[in-house]
Amino acid sequence: MLTDTKTRKLEEIRPESGRRLRMYACGPTVYRFQHVGNYRTFLLGDLIVRVGEVLHSWQVQLVQNITDVGHLADDTGIELAGEDKMLLAAREEGRDPFDIARFYEAQFHEDCAALNIRPADVYPRASESIDLMVDLIEKLIAKGHAYVGSDESVYFDARSFPSYGALSGNRLEDLRAGHRHDADDLSVGKRFHADWALWKHAGEQRQMVWDTPWGRGFPGWHLECSAMSLHHLGETFDVHTGGIDLRFPHHEDERAQSNAAVGHEVVQRWVHGEHLLAEGRKMAKSTGNVVLVRDVVDRGFDPLALRLFFLTGRYRQQMNLTWDALAAADRRLKRWRSRVAEWAETTSTAMCADYVQRLRDAFDDDLDTPTALVALGELEKDPEIPPGSKFETFAWVDRILGLDLARDVGRPRDVIAELPTGAAELLQQRAGARDAKDWTGSDSLRDELAALGVDVTDGPDGQTWSVRGR
Ligand SMILES: [Zn+2]
């Protein structure tokens, strides 16, 4: 069961086609780093995938777009007036816009891996899907849902789609003239204030442009997701996820485009994740409180502590990230890993059915991860349950939680207990670097370890280390 934004109710999620759940997740805009709030949204998709696979034996087909053309939304979700963000970033960084896009795309994949967010099946890039978008626009024009404006841009005719507003509650009659829901100064050729651009005529400044039957230009952002989801998942699919700020206008417009093109409801369930605040405020460049995954690691935390922190809140609740909360999550993560390693050394016993049921119920109840974590906390301390059974239950549930809880199994106890987070891995890497006679690598790893408070000395028998202050 998940909360559907459109019906505003808890709804059963069931794949239309047998055991294959088809899902689309709005992906990253790759002209900047994704912040941890973005990753909280991506984690929502990952949880749906894992719960589907582990609890329901579904095979999940996940498509996530890479927005690498420059017409992007700013922090408020409103498109900036004719501004090419990719070009802007390229100018600032003195690089080719496509180099910028590939750099941030690679960073996105790296961060997802650090957070155990499993890869999607396909990551279509907007810049490589222009043909799909042009085809879709032609279809919409032919069906009378779109028109070429006086400025050579193509617009969606909002009034041609009667159920506009069903997702966000923003009905056309409430959207006043002059309401800048697509605040694009180039949109001078539209007939009605709530129409939005599917294709935008390019000004001289733009670098990322394509030729079409309507002239040289670039696609509207909302169009990208319609074109890709219809192409990769078909005319009906089960779940569409995204951050709450995408509900309007992005998803409202996407729904209108997709449904108008095929003549029926394309997305069965819309699931939106709430905002992550940082130290009590919305994360924004202008506020200076943007937190990246690398900031979390730089502070000495395991990136999966961030994942555990996210799981302490439900996806449709706002959460407030603080360094204290992250430190608490990091401690709990380490404690669970060391417990799991202890339990692993006892005889394995069957999972405890009561706890498994509680965990299943929690995940199936609109991804109630906080309740699942409470159950695990009780299981950890329950004197009635044999350790071998605790081990099996934690190992099983970690297939959903994705916290690498069995990471310390089989490691020497004293080493795990004393080293700060991440240091054991660095020591291992450094030993490898020295074996390979990679002295530069070994020196920089020594510096990294020193920053964590671990001093390394090289002797005839390899490296030895000491933790400062202990
Ligand atoms: Zn999207």
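Trainee: Which residues of α8 and α9 meet each other?
Mentor: Keep in mind that this is a predicted model. From α8, the residues in contact are Leu304, Ala305, Leu306, Leu308 and Phe309. They meet these residues in α9: Ala325, Leu326, Ala329, Asp330, Arg332 and Leu333.

Trainee: And by class, how many residues of that contact are nonpolar, polar and charged?
Mentor: Let's sort the α8 and α9 contact by class. There are no polar residues in it. The rest splits into 2 charged and 9 nonpolar residues.

Trainee: How do α8 and α9 sit relative to each other, roughly parallel or roughly perpendicular?
Mentor: Helix α8 covers residues 303-311 and α9 covers residues 323-344, with their axes 8 Å apart. The packing angle is about 105°. Angles of 65 to 115 degrees count as roughly perpendicular, so α8 and α9 are roughly perpendicular.

Trainee: What covers the buried residues of α12?
Mentor: Start with who is buried in α12: Ser389, Lys390, Phe391, Thr393, Phe394, Val397, Asp398, Ile400 and Leu401. The cover over them includes α1 (36-56), α8, α9, α10 (353-364) and α11 (369-381).

Trainee: How far apart are the end C-alpha atoms of α12?
Mentor: Helix α12 runs over residues 387-401, which makes 15 residues. At 1.5 Å a residue it should span 21 Å. The value in the model agrees with that: 20 Å.

Trainee: What arc do the buried residues of α15 cover?
Mentor: The buried residues in α15 are Ser442, Leu445, Arg446 and Leu449. They sit on the same side of α15, because their arc around the axis is only 105°.

Trainee: Which residues are exposed on the other side of α15?
Mentor: α14 and β15 are included in what covers the buried residues of α15. On the other side of α15, the exposed set is Thr440, Asp443, Asp447, Ala450 and Ala451.

Trainee: Which glycine comes just after α15 with a positive phi?
Mentor: Just after α12 there's glycine 402, with a positive phi of about 65°. Just after α15, the residue with a positive phi of about 90° is glycine 453.

Methods:
Residues numbered from 1 in each chain as written. Predicted model: local features only at pLDDT ≥ 70, side-chain atom pairs only at ≥ 80, totals over all residues. Axes fitted to C-alpha atoms, helices over the stretch in contact; angles between N-to-C directions. Helix = DSSP H or I, 4+ residues; strand = E, 2+ residues; numbered from the N terminus. Parallel < 35°, antiparallel > 145°, perpendicular 65-115°, else oblique. Contact = placed C-beta atoms within 7 Å. Nonpolar A, V, L, I, M, F, W, Y, C, P; charged D, E, K, R; others polar. Expected span 1.5 Å × (residues − 1). Buried ≥ 20, exposed ≤ 12 C-beta atoms within 10 Å, placed from the backbone. Arc of directions from axis to C-beta.
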